[in-house]
Amino acid sequence: MSRHEGRGPVFPIIALSIGLALAGCSSAEPEPLPDTDHTSELVSVFWVERQVRVVTLDRMIDEVGSDEVLVNMGGARELLFDQGIIVPEGGGDTDVDWEAGYQDGDLDGYVVELDEDAWDTTIGFSRIDSALNDAMHHNEVTWCGDTVTGEEFVDAYMDEHQGAFDTHDAYEASVADHVDCGDGRI
């Protein structure tokens with residue numbers, strides 16, 4: 001004989017009651033689909049700032065030559081070389097022996113790789129961003145009126161346009177306009 005005669009299984013009844021109560025709370029109507037006409041990309045503020053720095057660095061090298069810009073940036077240049085952000089103009093491998101030093105003119109003929117997918121990012125973007133920041137602090141923008149540090153130039157863009165656009169393409173166009181001395185409004 002069972003210890004509790006006349007009692008049915010309590011747990012299944014409680015579970016059934018909870019299940020029915022929860023089922024009553026759900027809507028019979030399906031949730032509406034998201035509006036596919038207006039979708040936006042996730043555009044990180046770090047990506048935008050990196051974009052401004054890279055395009056500005058590219059223009060700096062075009063304006064005064066890679067030797068002057070790279071010599072000015074100090075130790076940051078090694079990381080930018082190692083990660084494939086600064087590359088030989090005609091392609092190929094970097095042949096600067098940092099331990100032996102270099103002479104004036106040894107850093108001539110280098111360009112900025114603008115395609116982020118071609119970079120070696122295994123060290124993480126924070127170190128790359130730091131090196132780009134150093135490059136901006138140690139070089140000047142001379143082609144847009146008053147001479148300012150690269151970082152002041154980048155900050156001016158970020159102050160004006162951070163959060164202004166929804167897509168990478170829009171930011172790329174805006175940054176290109178800013179670096180070409182425009183107002184960055186597209």
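This is a predicted model: local features need pLDDT of at least 70, side-chain atom pairs count only at pLDDT 80 or more; totals for chains, interfaces and linings use all residues.
The protein has 186 residues, of which 34% are buried, and its secondary structure comes to 7 helices and 4 strands.

**Overall architecture**
- Read from the N terminus, the elements follow the order α-α-α-α-β-β-α-β-β-α-α.
- Of the contacts between residues at least 6 apart in sequence, 63% join residues at least 24 apart.
- The protein exposes about 11700 Å², and carbon and sulfur atoms supply 49% of that area.

**Helix α2 and its ends**
- Helix α2 covers residues 45-64, and its 20 residues should span 28 Å at 1.5 Å a residue, which agrees with the 29 Å that separates its end C-alpha atoms.
- Because 15 of the 20 residues of α2 are buried, this helix is largely enclosed by the rest of the structure.
- Just after α2 comes G65, which takes a positive phi of about 95°.

- S66 belongs to helix α3, which is made up of residues 66-72.
- With a relative accessibility of 2%, S66 counts as buried, because the cut-off for that class is under 20%.
- A polar atom of the S66 side chain lies 3.1 Å from the backbone nitrogen of Y110.
- When neighbours within four places in sequence are left aside, S66 is in contact with I61, L107, D108, G109 and Y110.

Definitions and conventions:
Residues are numbered from 1 along each chain as its sequence is written. Side-chain values use heavy atoms; hydrogens and water are left out. Helices (H or I, at least four residues) and strands (E, at least two) are DSSP runs, numbered from the N terminus. Buried means under 20% relative accessible area, exposed over 50%, partly exposed in between (1.4 Å probe, protein chains only). A polar contact is a pair of N or O atoms within 3.5 Å; within protein, one must be able to donate a hydrogen and the other to accept it, and residues adjacent in sequence count only if both atoms are side-chain atoms. Contact means heavy atoms within 4.5 Å. The expected span of a helix is 1.5 Å times one less than its number of residues. Accessible areas come from the Shrake-Rupley method with a 1.4 Å probe; for residues, only the protein chains shown count as cover.
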